[in-house]
Amino acid sequence: MNLEKVLTAFAAALAMGLPALATAWAQSKIGAAGAGTLAEKPELSATIIVLVAIPETMVILGFVVASMILFGV
Amino acid sequence: MIVRMSKVEVAGPRELLEKVLSLLRDTGILEIEPTSIGFIKKMDRAYIDSYLPDKNSLSEKLFLEDFKERIDELLSYLPRIVIRGGYFQPQAIIDTINETLQKHLLICRGLYRKKEELQKELTELSRYNIFLDAVEPLLAGLKESSNLDFIGLTLKDPDAEDLLRRALTHLAGERYELMTSNAPDGTRAGLITVHKNMSDRIKRALSDKNIPEMKFPSTFGGLTFVEKIGFLKKRTTEISDELDMINMQLDSFSMKWGTIYQRVKEWIDERLSLFRATASVFVTRMCFFIYGWTASDDVMKLREQLNDNFKGKVVLDELDIEEEDLDRMPVILKNPAYFKPFELFTRILPLPRYTSYDPTPFIAIFFPVFFGMILGDAGYGLFIIMVSFIIFRKFRAKRNVADACRILMAASLYCIFFGILYGEFFGEFGHTLFGLEPVFIERRTAVIPMLYFAVSVGVVHVLIGSFLGFITAVHRKTGKEAVLKLMHILLIIAILSLVASLFGLFPALMTKPVILAILIITPVLLFTGGLLAPLEVIKSIGNIISYARIMAIGLTSVLLAYVANHLAGMTGDIIIGTVVAGLLHLLNIIIGIFSPTIHSLRLHYVEFFNKFIEAGGRKFEPFKKEKRI
C-alpha cells in the first residue's frame with residue numbers, strides 16, 4: 001500500500017517535473033532570442049512576452065496529468 | 001469593429017481636376033486607388049487613359065521639387081525652435097521668395113559652416129583643457145626661466161610614475177623635477193621640468209618608452225608653457241563668444257524668416273501631393289475619373305461637399321463591390337468607448353482582412369472574464385481597482401498607461417465577481433473576518449471540479465472561435481472550406497462527448513451514437529481538408545486542454561494567499577503578522593496582475609484568434625494634408 005503511494009507520488013512528480021524542465025529549456029531559448037529581438041525592435045516587446053509564455057502549455061498539461069494521477073481521475 | 005467600406009468613382013470635367021483633388025485632400029476621407037483594376041469595365045478601357053501632366057505642370061513640379069530641396073537645406077541650418085504657424089498664401093510671392101531664398105541660403109550656409117569649424121576647434125581644445133587644468137596648480141610654485149623647459153605628459157597607468165621617475169634619474173641624475181596630479185578624466189597628468197640642454201634627450205627617451213609627450217597645435221608655436229595655458233583659456237573664451245554670436249544670429253534669423261519658409265514648404269508639399277495624386281487619376285478627352293475607397297458612412301458627406309463646391313458638375317458614384325475586391329479593400333478599425341482601451345492588446349497583432357473580424361471586441365469581452373476567473377479574489381480586485389484608478393488620474397494624458405488602467409479596472413470588476421463566487425477575500429481572510437463562504441466552488445480544495453470548469457470554458461471559447469471561422473468561410477463563399485470548418489466543429493463536439501461519457505460525465509448510452517457520428521464525420525473531414533485535417537482537430541483538442549491554465553494559475557494564487565495568512569498567524573504578533581501578510585499579499589497581487597494578463601492574452605492570440613481571424617489587411621490611408629509639426 002505504501003509502495004503504491006510512493007509510486008503514485010513519483011509518477012505525479014515525473015509528470016509535472018519533466019514538462020517543467022522542457023518548458024524551462026524552451027523558454028530559455030525563446031527568451032534569449034527575444035532579448036536579441038528587443039534590442040533591435042523594442043516595439044515587439046508584447047509579442048515576445050506572449051511567445052515566452054507559449055511553452056508553458058507543456059507544464060500546464062503536465063500539471064493536469066499529475067492532478068489526474070494524484071486524485072485518481 | 002471593421003468599418004464598412006464603399007468603392008467609389010469621382011468623375012467631372014478635366015478643368016476641375018486640380019480643384020477636386022484639393023477638396024478631396026482637405027476632406028481627407030478618400031483613399032485614391034492608383035490602379036484601374038476592378039474599377040474600369042473592359043469595354044471602357046479603350047477610351048480611358050492614365051492622366052499625363054502637360055508641359056507647364058511638369059516644369060512647375062520640377063521647379064517646386066528644387067525649391068523644396070533648397071528650403072529643406074536652409075531649415076536644416078536653423079535651430080529647432082518652436083515657431084508660430086503661418087497662414088498666408090505663398091503663391092503670389094513665390095518669385096520674390098525664390099530670390100530671397102538664394103541670398104538667405106548663402107548667409108545661413110556660411111554661418112553654419114563657421115559654427116561647425118568653431119565647434120571642431122573647441123572640441124580639440126577641450127582635450128588640452130583637461131591636461132592643462134590638471135597641471136595648472138603645479139605651476140604655481142615654479143618660476144619661469146629661459147634655461148628651463150617643461151615637458152607635459154599623460155600617464156594612463158598610475159604605476160608608470162615610479163618607472164618614469166627611475167628612468168629620469170638615470171638620464172638626468174637629480175637635475176629634473178617631476179610633478180603629477182590627477183586629471184578629471186581619471187588619468188594622471190605629469191609635468192617634467194628640466195634644463196634645456198637635457199630636454200631633447202629626455203623627449204627622445206620618453207618616445208622610446210612609448211610615453212607620449214603632450215603635443216600642442218601649431219597655433220600654440222613660439223609660446224612658453226605658461227603662456228600656452230593663458231592662450232588656451234583666451235581662445236576657448238573667444239570661440240564660445242563667437243559661437244554664442246552665431247547661435248544668436250541663427251535664432252534671430254529663424255524667428256524672422258522661419259515661419260515664412262516653413263509655410264512656403266508646407267504649401268510646396270501640398271502642391272506636390274496634388275501632382276503625385278494626379279498620377280492615380282484616369283482621363284478621357286473631356287473628363288477625369290478618380291477611383292478609391294471611403295467609409296460607407298462618409299459617402300453622403302463627400303457627395304454633398306462635391307455638390308456644394310462644384311454645383312453638380314462633379315459626381316460621386318458608389319460602385320458594386322466584386323468578390324475579387326475583398327482582398328484589396330482597405331481596413332479601418334473603429335470601436336465603442338468600452339472596447340477602445342483593449343486596442344492596446346490588438347495593436348500588436350497584424351491588421352485583419354476586410355472580410356475577417358476585428359479582434360478588439362472579442363478580447364474586450366473575454367479578457368476581463370478570464371482575468372477574473374484566474375485571479376478571482378474580491379480583496380485583490382478592490383485593491384487593483386483603487387491603484388489603477390489612482391494611476392489613471394495621475395497619468396491620464398499618457399494614452400497607453402490610461403488604456404492599461406481602464407483595462408485593469410474592467411478586469412478587476414470580474415475579479416471581485418469571481419472572488420465572491422469562490423469565497424475569497426485576501427484568501428480565506430474574508431471567511432475569518434466576515435464569514436464569506438464560496439457561492440460556486442472552493443478553488444483550494446476542489447482541484448478537479450475547477451479543472452473541469454476551466455476546460456469547459458476552453459470548449460466554449462474554442463468552439464466560438466471555430467464557429468466564427470465557419471461564418472467567415474461562408475461569407476467568403478468558399479464552400480469546401482466552410483464544410484471543413486463545420487466538420488471540424490462537429491468532430492470536436494463528438495470527441496469531447498465521447499471523452500465525457502467515458503469519464504462518466506455524460507450517460508454511457510451516448511458512447512455508441514457518438515462513435516458512429518465520429519465514423520461518419522471523419523471521411524467527410526478527410527475529403528474536404530485532406531490527410532492533415534484530423535491533425536487540426538487534435539490541435540484544437542490541445543488548445544482546449546490549454547485552458548486548464550485558468551485553474552492552474554488560479555490555484556497558485558489561492559495557495560500563496562493561504563500561505564500569507566497562515567504565516568501571519570504563525571508569528572503570534574499582530575503587527576509582525578500584518579506586515580508579513582501584507583508583503584506576501586502584495587507580492588501575490590503583483591504576480592496576480594502579470595500572470596493572468598499574459599496567460600489570458602496567450603489564450604486569445606494562440607488558441608482563439610487563429611480559429612477565425614485572417615491577418616493581412618491593408619490599412620486605410622486617405623489622401624489628406626500632412627499634419628503640421
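Trainee: Where does B:Lys311 lie?

Mentor: B:Lys311 is in the loop between α7 (299-310) and β9 (315-319) of chain B. Helices are DSSP runs of H or I with at least four residues, strands are DSSP runs of E with at least two, and both are numbered from the N terminus. This is a predicted model, in which local features need pLDDT of at least 70 and side-chain atom pairs count only at pLDDT 80 or more, while totals for chains, interfaces and linings use all residues. Residues are numbered from 1 along each chain as its sequence is written, and chains are lettered from A and ligands numbered from 1 in the order in which they are written.

Trainee: Why is B:Lys311 called exposed?

Mentor: B:Lys311 has 8 other C-beta atoms within 10 Å.

Trainee: What makes the phi of B:Lys311 worth a remark?

Mentor: Phi of B:Lys311 is near 50 degrees, a positive value in a residue other than glycine. Most residues other than glycine have a negative phi. B:Phe426 also has a phi near 50 degrees; this residue is in the loop between α11 (399-422) and α12 (429-434) of chain B.

Trainee: Is B:Phe426 buried or exposed, and how do you know?

Mentor: B:Phe426 has 23 other C-beta atoms within 10 Å, so the residue is buried.

Trainee: What about B:Thr445, buried or exposed?

Mentor: The count for B:Thr445 is 10 other C-beta atoms within 10 Å, so B:Thr445 is exposed. B:Thr445 sits in the loop between α12 and α13 (447-475) of chain B. Its C-alpha atom is separated by 9.4 Å from that of B:Leu555, 110 residues apart along the chain.

Trainee: What makes β8 of chain B a mostly covered strand?

Mentor: Eight of the nine residues of β8 (residues 287-295) are buried.

Trainee: How do you know that β1 of chain B pairs with β8(B)?

Mentor: Two strands pair if DSSP finds at least two bridges between them. Nine bridges join β1 (residues 5-13) to β8(B), and the strands run antiparallel. In this pairing B:Lys7 stands opposite B:Trp293. Strand β2 (residues 31-32) of chain B is joined to β8(B) by two bridges, also antiparallel, with B:Ile32 opposite B:Gly292.

Trainee: What joins β7(B) to β8(B)?

Mentor: A hairpin joins them through three residues. Strand β7 (residues 282-283) of chain B and β8(B) pair in the antiparallel sense over two bridges, and B:Phe282 has B:Phe289 as its bridge partner.

Trainee: Why are β4 and β5 of chain B called edge strands?

Mentor: The open sheet has three strands in the order β4-β6-β5 (chain B), with antiparallel pairing. β4 (148-155) and β5 (176-182) each pair on one side only. The twist averages 20 degrees from one strand to the next, where angles run from 0 to 180 degrees between the N-to-C directions of axes fitted to C-alpha atoms, for helices over the stretch in contact. Eight bridges join β4(B) to β6 (residues 188-195) of chain B, and B:Phe150 stands opposite B:Thr193 in β6(B).

Definitions and conventions:
Buried ≥ 20, exposed ≤ 12 C-beta atoms within 10 Å, placed from the backbone.
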